[in-house]
Amino acid sequence: MRKFLVSLLALCALTFTAQAQSGTVLLNAAGATFPAPIYLKWFDVYHTAHPNVQINYQAIGSGAGIRQVLAGTVDFGASDGPMTDEQLAQSKVKILHFPTVLGAVVPTYNIPGVTASLNFTQKALAGIYLGQITKWNDPEITKANPGVKLPGDDIVVVHRSDGSGTTYIFTDFLSKVSDEWKSKVGKATSVNWPVGLGGKGNEGVSGLVKQTPDAIGYIELIYALQNNITYGAVQNAAGKFLKADLNGVTAAAAGAVKDMPADFRVSITDAPGAAAYPISSFTWLLIPAQIQDAAKRDAIKAFLKWMMTDGQGYNEGLSYAKLPKPVVVKEMKQLALVQ
Amino acid sequence: MNRARIIWRKSLNIVMLSLTGVAAFGVVAVLFLILGYFIYNGGHSLNWAFFTQLPKPTGETGGGMANAIVGSLKLLFLSALFGLPVGLMAGIYLAEFGGKTFAYIIRYTVDLLNGVPSIVIGIFAYALAVQPVKHFSTVAGGFALGIMVIPITVRASEEFLRAIPNSLREGAMALGASKWKTIASVILPAASGGIITGMLLSLARVAGETAPLLFTALGNQYWSPGWSQPTSALPLMIYEYAISAYDDLHRQAWAAGLVLLGLVLLANLGCRLVMNRRGVRGV
Amino acid sequence: MATTATSMDRAVPPEAGPRSFVHRLRHGDEVAHVLTLMFAALILLVTSLLVFILWEKSHLSRAQFGWSFLWTSVWDPVFGHFGALPFIYGTLVTSVVSLAIAVPLGLAAAIFLAELAPRTLSDYIAFLIDLLAAVPSVIYGLFGIFIVVPLMRTTIGPALKHTLGFLPIFSGPNYGVGFLTAGIVLAIMIVPFIISVSREVLLTVPRDQREAAMGLGATRWEATWKVVVPWARTGVMGSIFLALARALGETMAVTMVIGNDPKIVASLFAPGYTIAAVIANEFTEATGDLYLSALIELGLVLFLMTFILNGLARLLILATERGGGRPS
């Protein structure tokens with residue numbers, strides 16, 4: 001019996017304590033679910049090309065990404081809501097924002113019998129999420145959708161239960177188009193929602209919307225596409241109803257490029273221009289400016305360089321827009337700041 | 001007493017007694033229902049890929065949970081390492097050496113620890129094993145689970161040691177053995193069957209725990225080398241996949257659930273059969 | 001201690017004086033005693049450390065909000081206003097609902113197993129029910145999301161609305177997730193505890209009680225309900241408290257089916273939030289020390305709730321098993 005236990009222990013020790021091969025760099029990252037599909041794709045492709053670099057990314061929400069970067073428990077983070085000044089002040093090390101892709105937040109819905117793509121006015125979205133518009137056949141919705149038979153059912157509002165950059169983008173948009181929203185709720189990764197069910201991550205929200213009749217939720221474009229959930233068109237600042245696509249997102253970014261702040265923290269929701277999709281956003285990787293471990297630092301810098309060049313080629317396949325060239329140029333300069 | 005009243009009481013008797021029977025079988029039926037659903041839904045997702053492949057990026061179909069299975073095994077190993085010796089030794093203390101007051105305090109504390117919600121244990125493990133070293137790790141997860149292993153192990157060890165009749169102890173002492181030698185070479189081996197089943201039960205319990213792992217082991221797409229990196233685990237994957245929107249991930253969640261459920265039920269079945277045969281109950 | 005000379009004793013000459021502690025330490029027994037005692041004390045240390053950490057890391061929030069934390073119903077991470085009331089409400093409501101379902105069911109099953117079923121059948125069924133207790137929480141969550149939630153939305157909810165929809169607890173829209181669903185899933189999780197402990201406690205009731213009642217002309221049911229169960233009353237209550245303590249601390253199964261909305265609403269169909277669920281969802285993302293401190297304070301509140309309940313439960317169960325349980 002004793003011999004058996006000893007040999008079992010030895011076997012376990014051998015099998016499980018596989019030392020990382022020398023030269024393997026393990027990076028842990030956490031954060032936004034908004035860009036998770038493209039990030040996970042990138043890390044997978046990069047790992048295949050550079051087997052000694054392994055980047056473990058946990059999509060636990062932008063809020064969690066920011067927190068873990070501040071706490072130093074991950075090597076870098078990801079967020080779709082830029083860090084606030086207070087949050088940046090909390091960090092001992094300077095945190096740099098690196099834009100990675102551009103994405104769109106779309107309103108998805110699941111209304112029995114309605115397969116058409118609905119148009120949502122800015123007032124409609126704000127009203128629904130404020131809990132003031134409660135039925136699908138409310139005039140604010142029906143007037144933008146002549147010819148669509150909307151039921152008189154109650155709207156089931158779905159939002160994020162975890163701290164989310166997608167929430168940041170969406171509430172940022174709502175704050176710009178509705179003064180009431182701005183004063184009552186505000187924009188942040190986690191807000192005090194007037195109404196609605198909470199789903200965890202973009203996956204959770206899309207899951208809830210998919211399974212609940214009469215539901216409406218806000219998610220990143222790719223989740224709607226991958227799950228065949230109908231999503232609607234949103235009215236932009238110029239009054240046109242646009243369904244999210246790469247052109248609309250790129251158009252929204254076009255204006256921002258000229259006035260891009262040095263730290264890249266910019267909002268492009270409700271951008272001017274007839275072709276601009278109103279709920280677009282950059283999303284960022286949060287990289288500490290000082291990284292002690294040389295191997296990790298080099299790996300991160302190499303990955304970022306790859307991301308800004310070859311990596312961008314994968315964006316459109318997953319319905320994210322590429323970074324505008326001027327932005328990439330600026331980012332390469334910021335890369336030198338990582339030491 | 002008039003006939004109507006008697007008839008009423010007799011009918012009430014039959015109705016209520018039948019209802020209790022319905023309740024009992026109903027509860028058992030729920031168990032079989034759960035098991036059935038898992039076998040049905042998880043069964044055809046259990047293929048070779050599930051056991052050998054790593055998870056695929058969001059939206060791509062296929063992939064498996066090989067790293068989660070290994071991660072769970074590593075976590076179980078660590079929790080056994082941390083918790084079983086402590087539990088066993090404390091059980092020996094309580095059964096063989098304990099005085100009155102201190103032993104009472106220990107038993108009360110063990111009960112207390114048993115009742116702590118696993119999420120609170122997760123907070124504790126985060127504060128002790130993640131924050132100071134600034135990263136999530138398998139060790140932190142093993143630590144959290146190790147704490148949860150202790151109460152059941154203590155109770156099982158103490159009960160089975162107590163169950164050994166004193167005549168064995170006296171006989172050994174009469175032959176000149178000191179107390180510790182008696183325990184080590186006579187009592188422990190005699191109680192070993194029951195103690196080991198108690199240990200297996202406690203491991204089976206923590207194998208399914210998710211909450212403490214949320215802030216200790218965190219999760220990992222890849223293999224987790226060594227012990228100080230975040231790791232995936234079966235319960236974590238089940239949680240993550242279940243709340244997602246992808247049907248493929250749902251199927252994998254059912255499969256993982258089946259594996260976990262099967263392991264836990266088998267362990268419990270085996271342990272309880274052994275314990276019932278020995279006539280000791282109530283762990 | 002044995003007075004016969006052992007191989008160890010030979011090292012100490014019999015004419016030596018009273019042995020000091022250190023001297024005795026070389027004696028194997030003392031070492032064993034101290035060693036096992038240290039491990040036992042380690043458990044004490046770990047538990048105290050746990051309470052200390054909960055207390056210490058929540059001090060920011062306790063200092064800021066004081067007792068009002070317990071009755072404030074705002075949970076606003078943006079403006080830094082935190083209150084535990086919606087979560088305490090959610091925790092209590094789901095637990096009460098689960099008890100309302102599990103207690104009658106569990107007690108009835110326990111009565112069947114203790115009083116009516118032949119011993120072997122009773123043992124086998126109790127065995128199977130103990131297996132239910134071993135099923136992990138996340139499995140129940142999975143079962144809840146894919147089976148109970150759609151069932152609630154398509155069948156149970158509309159049925160309840162149709163018949164009892166006038167009651168405030170069954171008003172409002174039915175999403176499938178919510179307090180009631182969480183309560184149902186919790187009920188399935190805690191019923192094994194009620195059955196297991198109640199059955200054992202009922203089995204301790206002396207035979208003569210039943211026989212006396214039946215000798216006086218009571219039917220089987222009357223004897224059981226009016227004599228046997230009251231006799232075991234404290235033990236059964238203990239099992240209920242035990243089940244309640246388990247329900248309060250449940251995390252995974254609840255967070256998957258409750259809807260995650262910190263609101264205090266009368267309707268059982270509405271989504272809610274429990275202490276354990278909010279900690280699980282928001283802990284890794286709480287930016288700002290006050291936010292994290294508030295979450296840990298919630299953990300402290302939960303710990304205290306389960307501590308008190310567990311303590312009461314054990315006392316009650318002990319009282320029945322020991323004293324013959326004649327209720328005062």
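Biologist: Which are the buried residues of helix 4 of chain B?
Modeller: This is a predicted model. Helix 4 of chain B runs over residues 101–115 and has 15 residues. From first C-alpha to last, this helix reaches 21 Å, close to the expected 21 Å. Its buried residues are B:Ile106, B:Thr109, B:Val110, B:Leu112 and B:Gly115.

Biologist: Is B:Lys134 buried or exposed?
Modeller: B:Lys134 sits in the loop between helix 5 (118–130) and helix 6 (138–163) of chain B. Its phi is positive, near 60 degrees, and the residue is not a glycine. Most residues other than glycine have a negative phi. Because B:Lys134 has 11 C-beta neighbours inside 10 Å, and 12 or fewer is the cut-off, this residue counts as exposed.

Biologist: How many Å apart in space are A:Ser79 and A:Thr33?
Modeller: In sequence, A:Ser79 and A:Thr33 are 46 residues apart. In space, taken C-alpha to C-alpha, their separation is 8.5 Å.

Biologist: Turning to chain C, what percentage of its residues is buried?
Modeller: The secondary structure of chain C comes to 13 helices and 2 strands. Among its contacts between residues at least 6 apart in sequence, 77% join residues at least 24 apart. Chain C has 328 residues, and the buried share is 52%.

Biologist: How are the residues on the side of chain C that touches chain B divided by class?
Modeller: The contact takes 72 residues from chain C and 72 residues from chain B. Helix 2 (residues 28–57) of chain C gives the largest share of the chain C side, 17 residues. By class, that side has 50 nonpolar, 15 polar and 7 charged residues.

Biologist: How are the residues divided by class on the side of chain C that touches chain A?
Modeller: Here the contact takes 18 residues from chain C and 24 residues from chain A. Strand 1 (75–76) and helix 12 (275–282) of chain C each supply at least two residues of the chain C side. By class, that side has 8 nonpolar, 6 polar and 4 charged residues.

Biologist: How do the residues divide by class in the contact of helix 1 of chain B with helix 9 of chain C?
Modeller: The axes of helix 1 (residues 3–43) of chain B and helix 9 (residues 220–231) of chain C come within 8 Å and cross at roughly 70 degrees. Helix 1 of chain B is therefore roughly perpendicular to helix 9 of chain C. B:Arg9, B:Leu12, B:Asn13, B:Met16 and B:Leu17 meet C:Arg220, C:Trp221 and C:Glu222. By class, the residues are 4 nonpolar, 1 polar and 3 charged.

Biologist: How do the residues divide by class where helix 1 of chain B contacts helix 4 of chain C?
Modeller: The axes of helix 1 of chain B and helix 4 (residues 85–116) of chain C come within 7 Å and cross at roughly 105 degrees, which means that these helices are roughly perpendicular. Chain B contributes residues including B:Leu17, B:Ala24 and B:Val27, and chain C contributes residues including C:Leu105, C:Phe112 and C:Leu116. By class, the residues are 12 nonpolar, 2 polar and no charged.

Technical notes: Residues numbered from 1 in each chain as written. Chains lettered and ligands numbered in written order. Predicted model: local features only at pLDDT ≥ 70, side-chain atom pairs only at ≥ 80, totals over all residues. Contact = placed C-beta atoms within 7 Å. Helix = DSSP H or I, 4+ residues; strand = E, 2+ residues; numbered from the N terminus. Nonpolar A, V, L, I, M, F, W, Y, C, P; charged D, E, K, R; others polar. Axes fitted to C-alpha atoms, helices over the stretch in contact; angles between N-to-C directions. Parallel < 35°, antiparallel > 145°, perpendicular 65-115°, else oblique. Expected span 1.5 Å × (residues − 1). Buried ≥ 20, exposed ≤ 12 C-beta atoms within 10 Å, placed from the backbone.
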